[in-house]
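Please look over the sequence and the 3D structure shown below before reading on.

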Amino acid sequence: MAKAKAKAKAEANGEEVNSIVSDFLHFLNASPTAFHAVDEAKRRLQTVGYQQISEREDWELEAGKRYFFTRNHSTIIAFAVGKKYVAGNGFHVVGAHTDSPCLKLKPVSKVTKGGYLEVGVQTYGGGLWHTWFDRDLTVAGRVIIREGKDGSGPYSHKLVRIDEPIMRIPTLAIHLDRNVNSDGFKVNTQSHLVPILATSIKEELNKVVTDSPNERTDTYSSKHHSHLLQMIASQIGCRPDDICDFELQACDTQPSIVAGIKKEFIFSGRLDNLCMSFCSLKALIDSTSSESDLEDEIGVRMVALFDHEEVGSDSAQGAGSPAMLDALSRITNSFCSNSKLIEKAIQRSFLVSADMAHALHPNYMDKHEDNHQPKLHGGLVIKHNANQRYATNAVTSFVFREVASKHNLPVQDFVVRNDMACGSTIGPILASGVGIRTVDVGAPQLSMHSIREMCAVDDVKHSYEHFKAFFQEFSELDAKIKVDM
(Lines give C-alpha, C1' and ligand atoms only; values in the text may rest on other atoms or scores of the structure.)
Protein backbone atom coordinates (compact mmCIF):
# COMPACT_ATOMS: atom_id res chain seq x y z
CA MET A 1 0.00 0.00 0.00
CA ALA A 2 2.78 2.42 0.95
CA LYS A 3 4.67 1.67 -2.28
CA ALA A 4 1.51 2.22 -4.32
CA LYS A 5 0.92 5.61 -2.66
CA ALA A 6 4.54 6.62 -3.22
CA LYS A 7 4.30 5.60 -6.89
CA ALA A 8 1.06 7.56 -7.34
CA LYS A 9 2.60 10.61 -5.68
CA ALA A 10 5.69 10.37 -7.91
CA GLU A 11 3.52 10.09 -11.02
CA ALA A 12 1.42 13.08 -9.99
CA ASN A 13 4.59 15.09 -9.31
CA GLY A 14 5.96 14.08 -12.68
CA GLU A 15 2.78 15.22 -14.42
CA GLU A 16 2.97 18.57 -12.63
CA VAL A 17 6.62 19.03 -13.63
CA ASN A 18 5.77 18.15 -17.24
CA SER A 19 2.92 20.68 -17.27
CA ILE A 20 5.07 23.50 -15.92
CA VAL A 21 8.00 22.70 -18.21
CA SER A 22 5.76 22.42 -21.27
CA ASP A 23 4.35 25.85 -20.44
CA PHE A 24 7.89 27.18 -19.97
CA LEU A 25 9.00 25.86 -23.36
CA HIS A 26 6.05 27.62 -24.98
CA PHE A 27 7.07 30.86 -23.24
CA LEU A 28 10.67 30.49 -24.42
CA ASN A 29 9.77 29.70 -28.00
CA ALA A 30 7.37 32.65 -28.11
CA SER A 31 10.03 35.06 -26.80
CA PRO A 32 13.02 35.50 -29.15
CA THR A 33 13.45 39.11 -27.98
CA ALA A 34 12.61 41.22 -24.93
CA PHE A 35 9.72 42.75 -26.89
CA HIS A 36 8.25 39.33 -27.58
CA ALA A 37 8.77 38.24 -23.96
CA VAL A 38 6.78 41.24 -22.74
CA ASP A 39 4.12 40.61 -25.37
CA GLU A 40 3.77 36.99 -24.23
CA ALA A 41 3.65 38.08 -20.57
CA LYS A 42 0.98 40.63 -21.46
CA ARG A 43 -1.07 37.98 -23.27
CA ARG A 44 -0.93 35.65 -20.28
CA LEU A 45 -1.91 38.38 -17.83
CA GLN A 46 -4.86 39.54 -19.92
CA THR A 47 -6.06 35.95 -20.35
CA VAL A 48 -6.54 35.62 -16.58
CA GLY A 49 -8.13 39.03 -16.10
CA TYR A 50 -5.29 41.44 -15.34
CA GLN A 51 -6.18 44.96 -16.50
CA GLN A 52 -3.69 46.99 -18.51
CA ILE A 53 -3.11 50.53 -17.29
CA SER A 54 -0.96 53.28 -18.80
CA GLU A 55 1.74 55.38 -17.19
CA ARG A 56 0.43 58.28 -19.31
CA GLU A 57 -2.96 58.23 -17.59
CA ASP A 58 -4.27 58.63 -14.04
CA TRP A 59 -4.63 55.39 -12.10
CA GLU A 60 -7.86 54.46 -10.38
CA LEU A 61 -7.04 51.26 -8.52
CA GLU A 62 -9.13 49.07 -6.23
CA ALA A 63 -8.21 46.62 -3.48
CA GLY A 64 -8.60 43.04 -4.65
CA LYS A 65 -7.95 43.94 -8.31
CA ARG A 66 -5.06 43.04 -10.64
CA TYR A 67 -3.18 45.32 -13.04
CA PHE A 68 -0.11 45.67 -15.27
CA PHE A 69 1.67 48.23 -17.41
CA THR A 70 4.50 48.15 -19.92
CA ARG A 71 7.31 50.58 -20.59
CA ASN A 72 8.86 50.61 -24.07
CA HIS A 73 7.14 47.24 -24.54
CA SER A 74 10.34 45.67 -23.23
CA THR A 75 9.67 46.11 -19.49
CA ILE A 76 6.49 44.97 -17.77
CA ILE A 77 5.30 45.41 -14.18
CA ALA A 78 2.26 43.44 -12.96
CA PHE A 79 0.66 43.60 -9.53
CA ALA A 80 -2.29 42.35 -7.50
CA VAL A 81 -3.65 44.50 -4.66
CA GLY A 82 -4.67 42.62 -1.53
CA LYS A 83 -8.27 43.06 -0.37
CA LYS A 84 -7.01 44.22 3.04
CA TYR A 85 -4.40 46.57 1.56
CA VAL A 86 -4.22 50.14 2.85
CA ALA A 87 -1.82 52.82 1.73
CA GLY A 88 1.52 52.46 3.51
CA ASN A 89 1.49 48.65 3.48
CA GLY A 90 4.30 46.82 1.76
CA PHE A 91 5.01 45.43 -1.69
CA HIS A 92 6.14 41.83 -2.17
CA VAL A 93 8.13 41.83 -5.39
CA VAL A 94 9.95 39.35 -7.58
CA GLY A 95 12.17 41.14 -10.09
CA ALA A 96 13.87 39.66 -13.15
CA HIS A 97 14.91 40.79 -16.63
CA THR A 98 13.70 40.22 -20.18
CA ASP A 99 16.91 40.77 -22.15
CA SER A 100 19.78 38.41 -23.02
CA PRO A 101 23.14 38.88 -24.77
CA CYS A 102 22.63 38.96 -28.53
CA LEU A 103 23.64 40.55 -31.83
CA LYS A 104 21.57 43.63 -32.72
CA LEU A 105 21.36 45.02 -36.23
CA LYS A 106 23.24 48.28 -36.74
CA PRO A 107 21.40 51.47 -37.84
CA VAL A 108 23.00 50.88 -41.23
CA SER A 109 23.22 47.10 -41.57
CA LYS A 110 23.84 46.89 -45.31
CA VAL A 111 27.28 45.33 -45.86
CA THR A 112 28.52 44.11 -49.25
CA LYS A 113 31.99 42.62 -49.66
CA GLY A 114 33.73 39.73 -51.41
CA GLY A 115 30.64 38.93 -53.46
CA TYR A 116 28.44 38.50 -50.37
CA LEU A 117 25.59 40.43 -48.82
CA GLU A 118 26.15 40.64 -45.07
CA VAL A 119 24.26 42.13 -42.15
CA GLY A 120 26.13 44.51 -39.86
CA VAL A 121 25.49 43.79 -36.18
CA GLN A 122 26.65 45.15 -32.86
CA THR A 123 27.22 43.06 -29.77
CA TYR A 124 24.75 43.50 -26.92
CA GLY A 125 25.89 42.43 -23.47
CA GLY A 126 28.64 39.97 -22.59
CA GLY A 127 27.87 37.07 -24.87
CA LEU A 128 29.98 34.00 -25.56
CA TRP A 129 30.32 35.16 -29.14
CA HIS A 130 32.11 32.10 -30.47
CA THR A 131 28.88 30.14 -29.90
CA TRP A 132 27.12 32.25 -32.54
CA PHE A 133 29.22 30.80 -35.35
CA ASP A 134 27.72 28.09 -37.59
CA ARG A 135 24.22 28.57 -36.20
CA ASP A 136 21.09 28.88 -38.34
CA LEU A 137 20.08 32.48 -37.65
CA THR A 138 17.11 34.69 -38.34
CA VAL A 139 15.93 38.13 -37.19
CA ALA A 140 13.23 39.29 -34.79
CA GLY A 141 12.30 42.48 -32.97
CA ARG A 142 10.03 45.45 -33.44
CA VAL A 143 9.28 47.70 -36.41
CA ILE A 144 7.81 51.21 -36.55
CA ILE A 145 5.57 51.51 -39.59
CA ARG A 146 3.70 54.33 -41.28
CA GLU A 147 0.03 53.43 -41.70
CA GLY A 148 -1.31 56.53 -43.45
CA LYS A 149 -1.41 56.59 -47.26
CA ASP A 150 -0.32 60.23 -47.53
CA GLY A 151 2.75 59.91 -45.32
CA SER A 152 1.23 61.83 -42.41
CA GLY A 153 0.76 58.86 -40.08
CA PRO A 154 -0.48 57.37 -37.87
CA TYR A 155 2.54 55.32 -36.88
CA SER A 156 2.41 51.98 -35.14
CA HIS A 157 4.73 49.55 -33.40
CA LYS A 158 4.66 45.97 -34.72
CA LEU A 159 6.52 42.89 -33.55
CA VAL A 160 8.18 40.78 -36.22
CA ARG A 161 9.84 37.40 -36.33
CA ILE A 162 11.12 35.54 -39.39
CA ASP A 163 10.76 31.86 -38.57
CA GLU A 164 13.05 30.46 -41.25
CA PRO A 165 16.87 30.56 -41.07
CA ILE A 166 18.08 33.38 -43.32
CA MET A 167 21.62 34.09 -42.05
CA ARG A 168 24.75 32.34 -40.84
CA ILE A 169 28.17 33.28 -39.48
CA PRO A 170 30.51 30.62 -40.90
CA THR A 171 33.76 29.75 -39.15
CA LEU A 172 37.03 29.78 -41.02
CA ALA A 173 38.13 26.34 -42.21
CA ILE A 174 40.94 24.78 -40.16
CA HIS A 175 43.02 24.52 -43.34
CA LEU A 176 43.19 28.33 -43.35
CA ASP A 177 43.79 28.62 -39.59
CA ARG A 178 46.02 25.69 -38.63
CA ASN A 179 46.68 26.87 -35.06
CA VAL A 180 43.07 27.48 -34.03
CA ASN A 181 42.91 24.43 -31.75
CA SER A 182 46.21 25.17 -30.02
CA ASP A 183 45.95 28.97 -29.85
CA GLY A 184 42.21 29.17 -29.29
CA PHE A 185 39.33 30.51 -31.33
CA LYS A 186 39.79 34.28 -31.14
CA VAL A 187 36.84 36.32 -32.35
CA ASN A 188 37.20 39.87 -33.67
CA THR A 189 33.65 41.05 -33.07
CA GLN A 190 33.90 43.79 -35.71
CA SER A 191 35.24 41.84 -38.67
CA HIS A 192 34.42 38.18 -37.93
CA LEU A 193 30.98 38.45 -36.38
CA VAL A 194 29.06 39.46 -39.52
CA PRO A 195 26.21 37.19 -40.68
CA ILE A 196 26.01 36.27 -44.37
CA LEU A 197 22.58 36.91 -45.88
CA ALA A 198 23.11 36.06 -49.56
CA THR A 199 25.54 36.25 -52.47
CA SER A 200 25.68 39.34 -54.65
CA ILE A 201 25.01 37.37 -57.83
CA LYS A 202 21.76 35.92 -56.47
CA GLU A 203 20.76 39.38 -55.27
CA GLU A 204 21.15 40.74 -58.78
CA LEU A 205 19.27 37.85 -60.40
CA ASN A 206 16.37 38.19 -57.97
CA LYS A 207 16.39 41.94 -57.59
CA VAL A 208 13.14 43.43 -56.24
CA VAL A 209 11.52 45.53 -58.98
CA THR A 210 9.01 48.20 -57.98
CA ASP A 211 6.36 49.20 -60.50
CA SER A 212 4.67 51.76 -58.29
CA PRO A 213 5.18 55.35 -59.60
CA ASN A 214 4.34 56.68 -56.13
CA GLU A 215 7.17 54.88 -54.33
CA ARG A 216 8.67 57.26 -51.80
CA THR A 217 12.36 58.08 -52.06
CA ASP A 218 12.94 58.17 -48.27
CA THR A 219 13.22 54.40 -48.29
CA TYR A 220 15.24 52.36 -45.83
CA SER A 221 16.84 50.42 -48.69
CA SER A 222 19.94 52.60 -48.68
CA LYS A 223 20.64 51.44 -45.12
CA HIS A 224 19.50 47.81 -45.24
CA HIS A 225 19.39 45.10 -47.89
CA SER A 226 16.19 45.33 -49.92
CA HIS A 227 15.43 41.60 -49.71
CA LEU A 228 15.64 41.74 -45.92
CA LEU A 229 13.25 44.70 -45.84
CA GLN A 230 10.92 42.92 -48.26
CA MET A 231 10.80 39.86 -46.03
CA ILE A 232 10.13 41.95 -42.92
CA ALA A 233 7.39 43.93 -44.66
CA SER A 234 5.75 40.76 -45.93
CA GLN A 235 5.76 39.32 -42.42
CA ILE A 236 3.95 42.27 -40.86
CA GLY A 237 1.71 43.06 -43.84
CA CYS A 238 3.02 46.39 -45.08
CA ARG A 239 5.14 47.78 -47.93
CA PRO A 240 8.92 48.01 -47.41
CA ASP A 241 8.60 51.75 -47.90
CA ASP A 242 6.23 51.98 -44.91
CA ILE A 243 9.00 50.87 -42.56
CA CYS A 244 10.20 53.96 -40.68
CA ASP A 245 12.62 52.33 -38.25
CA PHE A 246 13.25 49.10 -36.39
CA GLU A 247 15.06 47.39 -33.54
CA LEU A 248 16.00 43.92 -34.74
CA GLN A 249 18.39 41.27 -33.48
CA ALA A 250 19.82 38.03 -34.76
CA CYS A 251 18.18 34.95 -33.24
CA ASP A 252 18.85 31.22 -33.25
CA THR A 253 16.11 29.28 -35.04
CA GLN A 254 16.58 26.07 -33.03
CA PRO A 255 13.64 25.71 -30.64
CA SER A 256 13.88 25.17 -26.89
CA ILE A 257 13.57 21.50 -25.93
CA VAL A 258 13.62 19.01 -23.06
CA ALA A 259 16.67 16.80 -23.54
CA GLY A 260 19.20 14.45 -21.94
CA ILE A 261 19.01 10.68 -21.76
CA LYS A 262 16.71 11.02 -18.72
CA LYS A 263 14.86 14.02 -20.16
CA GLU A 264 16.09 16.05 -17.20
CA PHE A 265 17.54 19.09 -18.97
CA ILE A 266 16.25 22.06 -20.92
CA PHE A 267 18.42 23.13 -23.87
CA SER A 268 17.59 26.65 -24.99
CA GLY A 269 18.76 30.15 -25.63
CA ARG A 270 17.88 32.98 -23.26
CA LEU A 271 17.44 30.88 -20.11
CA ASP A 272 19.24 33.81 -18.53
CA ASN A 273 16.86 35.29 -17.71
CA LEU A 274 13.59 34.14 -19.24
CA CYS A 275 13.55 31.21 -16.83
CA MET A 276 13.21 33.54 -13.85
CA SER A 277 10.83 35.81 -15.78
CA PHE A 278 8.53 32.89 -16.54
CA CYS A 279 8.65 31.35 -13.06
CA SER A 280 7.93 34.66 -11.31
CA LEU A 281 5.13 35.57 -13.72
CA LYS A 282 3.46 32.17 -13.41
CA ALA A 283 3.81 32.32 -9.62
CA LEU A 284 2.09 35.71 -9.51
CA ILE A 285 -0.71 34.58 -11.81
CA ASP A 286 -1.32 31.33 -9.93
CA SER A 287 -1.17 32.98 -6.50
CA THR A 288 -3.81 35.56 -7.51
CA SER A 289 -6.06 33.49 -9.77
CA SER A 290 -9.07 33.19 -7.47
CA GLU A 291 -11.05 35.64 -5.35
CA SER A 292 -9.90 33.95 -2.14
CA ASP A 293 -6.18 34.31 -2.98
CA LEU A 294 -6.24 38.02 -2.11
CA GLU A 295 -8.90 37.82 0.63
CA ASP A 296 -6.47 38.16 3.56
CA GLU A 297 -3.59 39.85 1.72
CA ILE A 298 -2.57 43.16 3.31
CA GLY A 299 0.12 43.99 0.78
CA VAL A 300 0.64 44.19 -2.98
CA ARG A 301 2.06 41.20 -4.86
CA MET A 302 4.20 42.30 -7.78
CA VAL A 303 6.43 41.05 -10.58
CA ALA A 304 8.77 43.48 -12.34
CA LEU A 305 10.54 42.30 -15.50
CA PHE A 306 13.10 44.85 -16.68
CA ASP A 307 14.97 45.39 -19.92
CA HIS A 308 18.69 46.21 -20.26
CA GLU A 309 20.04 44.28 -17.26
CA GLU A 310 22.76 42.78 -19.46
CA VAL A 311 24.17 46.24 -20.20
CA GLY A 312 23.94 47.83 -16.75
CA SER A 313 20.21 48.72 -16.40
CA ASP A 314 20.82 52.42 -17.07
CA SER A 315 17.93 53.24 -19.38
CA ALA A 316 14.39 54.59 -19.18
CA GLN A 317 13.09 51.01 -18.91
CA GLY A 318 15.95 49.44 -16.97
CA ALA A 319 16.05 48.67 -13.25
CA GLY A 320 18.19 51.80 -12.83
CA SER A 321 15.28 53.95 -14.00
CA PRO A 322 12.52 55.27 -11.69
CA ALA A 323 10.12 52.61 -13.06
CA MET A 324 9.96 50.59 -9.84
CA LEU A 325 9.75 53.59 -7.51
CA ASP A 326 7.19 55.21 -9.81
CA ALA A 327 5.02 52.10 -9.61
CA LEU A 328 5.24 51.85 -5.81
CA SER A 329 4.49 55.56 -5.42
CA ARG A 330 1.54 55.64 -7.80
CA ILE A 331 -0.06 52.57 -6.27
CA THR A 332 0.32 53.99 -2.76
CA ASN A 333 -0.99 57.40 -3.80
CA SER A 334 -4.00 55.81 -5.51
CA PHE A 335 -5.29 54.82 -2.08
CA CYS A 336 -4.18 57.91 -0.11
CA SER A 337 -2.85 61.32 -1.11
CA ASN A 338 -0.39 61.46 1.80
CA SER A 339 2.95 61.42 -0.06
CA LYS A 340 4.88 60.42 3.07
CA LEU A 341 3.28 56.98 3.17
CA ILE A 342 5.50 55.69 0.36
CA GLU A 343 8.53 55.89 2.65
CA LYS A 344 6.79 53.66 5.19
CA ALA A 345 5.62 51.32 2.44
CA ILE A 346 9.15 50.81 1.12
CA GLN A 347 10.42 49.82 4.56
CA ARG A 348 7.65 47.22 4.74
CA SER A 349 8.48 45.84 1.30
CA PHE A 350 10.70 43.01 0.08
CA LEU A 351 12.33 42.26 -3.27
CA VAL A 352 13.42 38.87 -4.58
CA SER A 353 15.96 39.70 -7.29
CA ALA A 354 15.79 36.60 -9.50
CA ASP A 355 18.60 36.04 -12.00
CA MET A 356 20.07 32.73 -13.10
CA ALA A 357 23.01 31.29 -11.10
CA HIS A 358 26.17 29.38 -12.04
CA ALA A 359 25.84 25.64 -11.51
CA LEU A 360 28.97 23.58 -10.81
CA HIS A 361 30.57 22.54 -14.12
CA PRO A 362 32.04 19.01 -13.95
CA ASN A 363 34.82 19.91 -16.39
CA TYR A 364 35.79 23.16 -14.61
CA MET A 365 35.25 22.37 -10.94
CA ASP A 366 38.08 24.67 -9.87
CA LYS A 367 35.98 27.67 -10.92
CA HIS A 368 33.74 27.23 -7.87
CA GLU A 369 34.54 27.83 -4.21
CA ASP A 370 34.77 24.46 -2.42
CA ASN A 371 31.87 25.03 -0.02
CA HIS A 372 29.58 26.76 -2.49
CA GLN A 373 28.91 24.55 -5.49
CA PRO A 374 25.29 24.83 -6.67
CA LYS A 375 24.02 21.72 -8.42
CA LEU A 376 21.38 21.21 -11.09
CA HIS A 377 18.12 19.92 -9.53
CA GLY A 378 19.21 21.49 -6.23
CA GLY A 379 16.70 24.33 -6.14
CA LEU A 380 17.09 28.09 -6.13
CA VAL A 381 20.52 29.48 -5.24
CA ILE A 382 20.84 32.30 -2.70
CA LYS A 383 23.70 34.55 -3.86
CA HIS A 384 25.99 36.22 -1.33
CA ASN A 385 28.74 38.82 -1.76
CA ALA A 386 30.37 40.79 1.06
CA ASN A 387 31.12 43.65 -1.34
CA GLN A 388 27.44 44.08 -2.22
CA ARG A 389 27.62 42.78 -5.78
CA TYR A 390 24.58 40.89 -4.53
CA ALA A 391 22.13 42.57 -2.12
CA THR A 392 21.53 39.54 0.14
CA ASN A 393 22.01 39.92 3.90
CA ALA A 394 21.25 37.69 6.88
CA VAL A 395 17.68 38.93 7.27
CA THR A 396 16.70 38.63 3.61
CA SER A 397 18.43 35.27 3.25
CA PHE A 398 16.57 33.99 6.30
CA VAL A 399 13.19 35.09 4.91
CA PHE A 400 13.71 33.28 1.63
CA ARG A 401 15.13 30.18 3.31
CA GLU A 402 12.25 30.09 5.80
CA VAL A 403 9.72 30.11 2.96
CA ALA A 404 11.57 27.15 1.42
CA SER A 405 11.64 25.27 4.71
CA LYS A 406 7.92 25.65 5.26
CA HIS A 407 7.18 24.18 1.83
CA ASN A 408 9.93 21.55 1.85
CA LEU A 409 11.73 23.16 -1.08
CA PRO A 410 15.49 22.76 -1.66
CA VAL A 411 17.73 25.81 -1.52
CA GLN A 412 21.46 26.35 -2.16
CA ASP A 413 24.11 29.01 -1.51
CA PHE A 414 26.68 30.63 -3.79
CA VAL A 415 29.73 32.76 -3.10
CA VAL A 416 32.24 33.53 -5.85
CA ARG A 417 35.89 32.64 -5.27
CA ASN A 418 37.98 35.42 -3.74
CA ASP A 419 40.35 35.30 -6.70
CA MET A 420 37.56 35.82 -9.27
CA ALA A 421 35.45 38.83 -10.17
CA CYS A 422 31.81 38.68 -9.12
CA GLY A 423 28.91 39.48 -11.44
CA SER A 424 25.91 41.48 -10.34
CA THR A 425 22.16 41.79 -10.85
CA ILE A 426 19.29 44.24 -10.59
CA GLY A 427 19.29 43.49 -6.85
CA PRO A 428 21.90 46.03 -5.68
CA ILE A 429 20.55 48.62 -8.16
CA LEU A 430 17.03 48.46 -6.75
CA ALA A 431 18.16 47.98 -3.14
CA SER A 432 20.22 51.17 -3.28
CA GLY A 433 17.93 53.15 -5.59
CA VAL A 434 14.63 52.35 -3.88
CA GLY A 435 15.79 51.33 -0.38
CA ILE A 436 13.96 48.02 -0.46
CA ARG A 437 15.11 44.90 1.43
CA THR A 438 16.49 42.49 -1.14
CA VAL A 439 17.63 38.91 -1.55
CA ASP A 440 19.48 37.81 -4.70
CA VAL A 441 18.59 34.34 -5.97
CA GLY A 442 18.58 32.32 -9.18
CA ALA A 443 18.11 28.85 -10.62
CA PRO A 444 21.38 27.03 -11.42
CA GLN A 445 22.39 26.70 -15.07
CA LEU A 446 25.33 25.86 -17.33
CA SER A 447 26.61 27.69 -20.44
CA MET A 448 25.39 31.08 -19.26
CA HIS A 449 25.48 33.68 -22.06
CA SER A 450 25.98 31.04 -24.75
CA ILE A 451 23.57 31.08 -27.67
CA ARG A 452 22.44 27.69 -26.30
CA GLU A 453 22.25 27.28 -22.52
CA MET A 454 21.06 24.47 -20.26
CA CYS A 455 19.28 24.07 -16.94
CA ALA A 456 17.40 21.31 -15.11
CA VAL A 457 13.72 20.53 -15.48
CA ASP A 458 13.30 20.16 -11.71
CA ASP A 459 14.67 23.63 -11.01
CA VAL A 460 11.96 25.25 -13.10
CA LYS A 461 9.35 23.64 -10.84
CA HIS A 462 11.36 24.47 -7.69
CA SER A 463 11.65 28.12 -8.73
CA TYR A 464 7.98 28.49 -9.58
CA GLU A 465 6.89 26.89 -6.30
CA HIS A 466 9.35 28.97 -4.26
CA PHE A 467 8.16 32.26 -5.78
CA LYS A 468 4.51 31.26 -5.39
CA ALA A 469 5.12 30.37 -1.72
CA PHE A 470 6.86 33.72 -1.21
CA PHE A 471 3.78 35.58 -2.46
CA GLN A 472 1.50 33.51 -0.25
CA GLU A 473 3.61 33.52 2.92
CA PHE A 474 5.49 36.81 3.11
CA SER A 475 2.92 39.02 4.86
CA GLU A 476 2.52 36.62 7.76
CA LEU A 477 6.25 35.85 8.01
CA ASP A 478 7.34 39.49 7.90
CA ALA A 479 5.10 40.35 10.84
CA LYS A 480 7.20 38.02 13.01
CA ILE A 481 10.59 39.57 12.14
CA LYS A 482 11.89 42.21 14.55
CA VAL A 483 14.71 44.35 13.14
CA ASP A 484 15.29 48.11 13.66
CA MET A 485 12.78 48.08 16.53
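Helix 6, which covers residues 271-286, has 16 residues and reaches 21 Å from its first C-alpha to its last, close to the 22 Å expected at 1.5 Å a residue. Here the expected span of a helix is 1.5 Å times one less than its number of residues, and helices (H or I, at least four residues) and strands (E, at least two) are DSSP runs that are numbered from the N terminus. Buried means under 20% relative accessible area, exposed means over 50%, and partly exposed is in between, using a 1.4 Å probe and protein chains only.

Helix 7, made of residues 323-335, has 13 residues and reaches 19 Å from its first C-alpha to its last, close to the 18 Å expected at 1.5 Å a residue. The buried residues of helix 7 are Ala323, Met324, Ala327, Leu328, Ser329, Ile331 and Thr332.

## About the model

This is a predicted model, in which local features need pLDDT of at least 70 and side-chain atom pairs count only at pLDDT 80 or more, while totals for chains, interfaces and linings use all residues. Residues are numbered from 1 along each chain as its sequence is written, and side-chain values use heavy atoms, with hydrogens and water left out.

## Ser280 and Phe467

Ser280 has its place in helix 6, and at 0% relative accessibility it counts as buried. Not counting residues up to four places away in sequence, Ser280 touches Val94, Val303, Leu305, Phe467 and Phe471, where a contact means heavy atoms within 4.5 Å.

One of these partners, Phe467, is placed in helix 11, which covers residues 457-478. Phe467 also counts as buried, at 0% relative accessibility. Leaving aside neighbours within four places in sequence, the residues in contact with Phe467 include Val94, Met276, Cys279, Ser280, Ala283 and Phe400. Phe467 and Arg437, which are 30 residues apart in sequence, are 16 Å apart in space, C-alpha to C-alpha.

Not counting residues up to four places away in sequence, Arg66 touches several residues, among them Val48, Tyr50, Phe79, Thr288 and Leu294. The C-alpha atoms of Arg66 and Val300 are separated by 9.6 Å, although these residues are 234 residues apart along the chain.

Ser152 is placed in the loop between strand 7 (137-146) and strand 8 (155-161), and at 52% relative accessibility it counts as exposed. The C-alpha atoms of Ser152 and Val457, 305 residues apart along the chain, are separated by 51 Å.

## Backbone details

Most residues other than glycine have a negative phi, and most peptide bonds are trans. The peptide bond from Asp272 to Asn273, however, is cis, with omega near 20 degrees, and Asn273 lies in helix 6.

His377, although it is not a glycine, has a positive phi of about 75 degrees; His377 is found in the loop between strand 15 (357-358) and strand 16 (380-384), and it is partly exposed, with a relative accessible area of 27%. Ser447, which is not a glycine either, has a positive phi of about 60 degrees. Ser447 is found in the loop between strand 19 (444-446) and strand 20 (453-456), and at 36% relative accessibility it counts as partly exposed.

## The chain as a whole

The secondary structure of the chain comes to 11 helices and 20 strands. The radius of gyration of the chain is 24 Å, close to the 23 Å that the globule rule gives for 485 residues, so the chain is as compact as a globular protein of that length. This radius is taken over C-alpha atoms, and the globule rule is 2.2 Å times the number of residues to the power 0.38. Along the principal axes, the C-alpha atoms of the chain fill a box of roughly 75 × 60 × 50 Å.

Buried residues make up 50% of the 485 residues in the chain. Of the contacts in the chain with a separation of 6 or more, 76% are accounted for by residues 24 or more positions apart.
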